[in-house]
Every structure is written in C-alpha cells, then in structure tokens.
Amino acid sequence: LIAAVLSHERLTALLLQQLLQESRGGAGTVFQALCRDPRFDRSLTQIASGAKLPSLRARAVDSVSRGKAFWPLGTSRKVWIDKSLGVYRLEADYRTRPLSIPLDGLSVLTEALRDPSAVVRRVALDGIITHRDNIRFRALVESVLANFHSDLRPSIHSRLAFLRTAQLKQN
C-alpha cells in the first residue's frame, strides 16, 4: 500500500499535507510506515519544520540528523537490568535504512533549536551532540553554548552540560 501511494505524486502530496496538518494522534503510525520507503525521504525536511505535531517534527529531525530512516518492527526484546533479581525492561526492535538523498542536517538542526516544543529542541541537541566534532557544526555548537541557556527544562540543561564538558575536553 505504501509503495502504491508513493508511486502517485498527487496521493503523496495529499498524504504529506495530511501529515503536516494532523493535530491528533495516529499520524506517527503513518509516518513510521512511510519511513520504510526511500521516496518519502524528500519530505523529511518539510515535516521537520512544518508538521503541527511536535512528535512528528522530532522524528523527522532525528531522521535527518542521523541520516537514517527508522521504524518499529512491532516486536521487543528483554534488556536485563539485573539478571540475578530477574529485573529487565522491554525495548522495542527497530529497522533502519540510510536516507536515499543527502539532506542538510545543519540547517534542519539550526531551525529545530528554535522550535517551541521542548521535544524537538531536545532531539536537535542530541543531533548536535552527535555531530559536535564535525567542522561544519562547530559554529552551531559555539552558538548553542553561548546563547541557549534560558530553557528551564532539565533534559535541555543536561544536554547542554554534556556539550560544554565535551567542548572543554576537546580544547
């Protein structure tokens, strides 16, 4: 079904508009299904900046940042926390594939840092942490460390602290 929809330009455009405008749950499932097809990759930057749902924006930013599309397989596995006590957590299994076209992760992450949703900013900071040693991202890292300290959320502060520590070790 996904391949059939994506092979028709008008259906793909309508589906993309639906994803961008959707403000209720369920769009994430459609997004994950579409991530399986490389023809969907060209829509990731538009979703990262224009989707109404912060979770969709965050997933698109994450895919562009990683350079991979990923989706859950519907299965999970045990990850042992303490085997002697029988304590474990279930972790979802994912499949990934590299993106079929090069996308500008630097501009997507820069824009995501200004997103009103903390979920999207957190994913953007994770991407910046991943790319912190890349020369193209050096100015962005310095800008984040200089200007991105007014956010009160602990998840944002912990990422900024990690980035500061990593920069100090590098210098």
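Which residue forms a salt bridge with Glu-9? I looked this up first. Arg-42 does, with the closest N and O atoms 3.4 Å apart. I count a salt bridge when a side-chain nitrogen of Lys or Arg lies within 4 Å of a carboxyl oxygen of Asp or Glu.

**Ground rules.** I am working on a predicted model, where local features need pLDDT of at least 70, side-chain atom pairs count only at pLDDT 80 or more, and totals for chains, interfaces and linings use all residues. Residues are numbered from 1 along each chain as its sequence is written, and side-chain values use heavy atoms, with hydrogens and water left out.

**Entry on Arg-42 and Glu-9.** I placed both partners. Arg-42 sits in the loop between helix 3 (27–34) and helix 4 (44–50), and Glu-9 is in helix 2 (residues 9–21). The two are 33 residues apart, so the pair links distant parts of the chain. Helices here are DSSP runs of H or I with at least four residues, strands are E runs of at least two, and both are numbered from the N terminus. Arg-42 is partly exposed at 41% relative accessibility. Glu-9 is exposed at 56%. My cut-offs: buried is under 20% relative accessible area, exposed is over 50%, and partly exposed is in between (1.4 Å probe, protein chains only).

**Entry on the whole chain.** I read off nine helices and two strands. Their order is α-α-α-α-α-β-β-α-α-α-α. The C-alpha atoms fill a box of roughly 50 × 45 × 30 Å along the principal axes. Of the 171 residues, 39% are buried.

**Entry on the core.** I went to the largest nonpolar core and found 41 residues. Such a core is a set of buried Ala, Val, Leu, Ile, Met, Phe, Trp, Tyr and Cys residues joined through side-chain atoms within 4.5 Å. Phe-40, Ile-47 and Val-144 have the most contacts inside it. Helix 7 (residues 118–130) gives the largest share of this core, six residues. I then checked Ile-47. Leaving out residues up to four places away in sequence, its contacts (heavy atoms within 4.5 Å) include Leu-16, Phe-31, Phe-40 and Leu-56.

**Entry on the strands.** Strand 1 (residues 68–82) and strand 2 run antiparallel, joined by 11 bridges. Two strands pair if DSSP finds at least two bridges between them. Ala-69 has Arg-97 in strand 2 as its bridge partner. Four residues lie between the strands of this hairpin, and Gly-86 takes a positive phi near 75° there. Ser-84 lies in the loop between the strands. I find Ser-84 exposed, at 70% relative accessibility. From Ser-84 to Val-5 is 50 Å, C-alpha to C-alpha.

**Entry on the charged network.** Which residues are linked with Arg-77 in a network of salt bridges? I found Arg-89, Glu-91 and Asp-93. Asp-93 meets Arg-77 at 3.0 Å, N to O. That pair joins strand 2 to strand 1, 16 residues apart. Asp-93 is buried at 16%, whereas Arg-77 is partly exposed at 42%. Arg-89 and Glu-91 also meet at 3.0 Å, N to O. I note Arg-89 as partly exposed at 41%. Glu-91 is partly exposed as well, at 26%. Opposite charges on side chains can pair when the charged atoms come close. My search of the whole structure gave 11 salt bridges.
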